[in-house]
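Please examine the pockets of the following protein model and the residues that line them.

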Amino acid sequence: PAPAMFRCPQFVTGEFETKKVFLEDKVYGLALDALTKACSDILVVSPDKESILLGKRKVHPQPDWWLIGGRSRPGQSTSQAASNNIRRELKIEARPARFKVVGSYNLVWQFRQQEPKSNGTADISTVHALILTEE
């Protein structure tokens, strides 16, 4: 396992079952006004460790170059969420153990995609590094 400084421990009490829930835009907008989202973002590093891969986002809160990643789902560890996000975004299969924590960041955005856009949004992002292999 990675040294403690490159992990983000998960503590689970009792049985926990993830629920699949879809919030309509209006309800999701209210949730964004009341809650901080948990995100797992990935710093994708080339095999030679000389380059990083960023994504070009089209929508708020960051319509520009940004890390690959996205929201964590309830019950997921940060590395499980990173593994799911990299699979969804880049079609890369990577076991959660391959993701090393770089840091945890509190992000507060002036705008968001959902109405009312000017209410902004907030995230706690755990950023992981994933070093690609030649495969």
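Q: How is the lining of the largest pocket divided by class into nonpolar, polar and charged residues?
A: This is a predicted model, in which local features need pLDDT of at least 70, side-chain atom pairs count only at pLDDT 80 or more, and totals for chains, interfaces and linings use all residues. Residues are numbered from 1 along each chain as its sequence is written, and side-chain values use heavy atoms, without hydrogens and water. Ala, Val, Leu, Ile, Met, Phe, Trp, Tyr, Cys and Pro count as nonpolar, Asp, Glu, Lys and Arg as charged, and the others, Gly among them, as polar. On that basis the lining comprises 10 nonpolar, 7 polar and 7 charged residues.

Q: Which residues lie closest to the centre of the largest pocket?
A: A pocket is an open set of points on a 1 Å grid over the protein atoms alone, where a 1.4 Å probe fits, with protein on both sides within 12 Å along at least five of seven lines; lining residues have an atom within 4 Å of a point. Of its 24 lining residues, the closest to the centre are V21, L23, Y28, R71 and R73.

Q: Which element supplies the largest share of the lining of the second largest pocket?
A: The second largest pocket holds about 640 Å³ of space and is lined by 31 residues. Helices (H or I, at least four residues) and strands (E, at least two) are DSSP runs numbered from the N terminus. The largest share, 4 residues, comes from β5.

Note on methods
Points joined across faces, edges and corners; volume = space filled by probe spheres on them.
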